[in-house]
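Please look over the sequence and the 3D structure shown here. The report after them is written to be read with both in view.

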Amino acid sequence: VSDANGQVTKLVNNYRSHPALLALPSRLFYHRELEVCADPKVVTSLLGWEKLPKKGFPLIFHGVRGSEAREGRSPSWFNAAEAVQVMRYCCLLARGISSQVSASDIGVITPYRKQVPA
């Protein structure tokens, strides 16, 4: 992060992610300086979730076939099929029988405003 004087501050403490998700960016972009500061109880709470392709590794890559669209003259694009799939995962997390996730704890990061669940 650069301040008004052009000085750069490197943010190295991560309070959100499981260590497995930080290993690659730490190596590639932070010279292995990223520090895992998240509460282990929180970041390991869903490692046994039935939808994970690899138990114990909290990441899902899900390919979606869809098409880019935009409304009217808007310069922004969105992909409705991707948005629907994200919403399915959000619902599975929030409505699971053994769910420890409340809807208010779910965040969606997307470059497209139209893909953020309402």
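The report goes from the chain as a whole to single elements and residues.

## Basis of the report

This is a predicted model, in which local features need pLDDT of at least 70 and side-chain atom pairs count only at pLDDT 80 or more, while totals for chains, interfaces and linings use all residues. Residues are numbered from 1 along each chain as its sequence is written, and side-chain values use heavy atoms, with hydrogens and water left out.

## The chain as a whole

The chain has three helices and two strands. Their order, starting at the N terminus, is β-α-β-α-α. Helices (H or I, at least four residues) and strands (E, at least two) are DSSP runs, numbered from the N terminus.

Of the 118 residues in the chain, 18% are buried. Buried means under 20% relative accessible area, exposed means over 50%, and partly exposed is in between, with a 1.4 Å probe and protein chains only. A contact means heavy atoms within 4.5 Å. Among contacts between residues at least 6 apart in sequence, 31% join residues at least 24 apart.

## Helix 3

Helix 3 covers residues 80-95, which is 16 residues. From its first C-alpha to its last, helix 3 reaches 22 Å, close to the 22 Å expected at 1.5 Å a residue. The expected span is 1.5 Å times one less than the number of residues in the helix. The buried residues of helix 3 are Ala 83, Gln 85, Tyr 89, Cys 90 and Leu 93. They lie on the same side of helix 3, because they cover an arc of only 165° around the axis. The arc is that of the directions from the helix axis to the C-beta atoms.

The N-terminal end of helix 3 is capped by Asn 79, which has a side-chain oxygen 3.1 Å from the backbone nitrogen of Ala 81. Within helix 3, Cys 90 has a relative accessible area of 12% and is buried. Its C-alpha is 8.9 Å from that of Val 108, a residue 18 places away in sequence. Glu 82 is also found in helix 3, and at 28% relative accessibility Glu 82 is partly exposed.

## The nonpolar core

Which residues make up the largest nonpolar core? There are five: Trp 49, Leu 52, Tyr 89, Leu 93 and Val 101. A nonpolar core is a set of buried Ala, Val, Leu, Ile, Met, Phe, Trp, Tyr and Cys residues joined through side-chain atoms within 4.5 Å. Tyr 89, one of these core residues, is in contact with Trp 49, Ile 60 and His 62, leaving aside its neighbours within four places in sequence.

## The salt bridge

How many salt bridges does the structure hold? The structure holds one. A salt bridge is a side-chain nitrogen of Lys or Arg within 4 Å of a carboxyl oxygen of Asp or Glu. The partners are Glu 33 and Lys 10, with their closest N and O atoms 2.5 Å apart. Glu 33 lies in the loop between helix 1 (19-29) and strand 2 (35-36), and Lys 10 in the segment before strand 1 (13-14), so the pair ties together parts that are 23 residues apart in sequence.

Both partners are partly exposed: Glu 33 has a relative accessible area of 37%, and Lys 10 has 43%.

Ser 26 is in helix 1 and is buried, at 8% relative accessible area. Apart from its neighbours within four places in sequence, Ser 26 is in contact with His 31, Arg 32, Glu 33 and Leu 34.

His 31 is exposed at 65% relative accessibility, and Arg 32 is exposed at 62%. Most residues other than glycine have a negative phi. The phi of His 31, however, is positive, near 50°, and that of Arg 32 is positive, near 65°.

Ser 76 sits in the loop between helix 2 (40-43) and helix 3. With a relative accessible area of 46%, Ser 76 is partly exposed. Leaving aside its neighbours within four places in sequence, Ser 76 is in contact with Ala 69 and Arg 70. Its C-alpha is 9.2 Å from that of Pro 111, 35 residues away along the chain.

Notes. A polar contact is a pair of N or O atoms within 3.5 Å; within protein, one must be able to donate a hydrogen and the other to accept it, and residues adjacent in sequence count only if both atoms are side-chain atoms.
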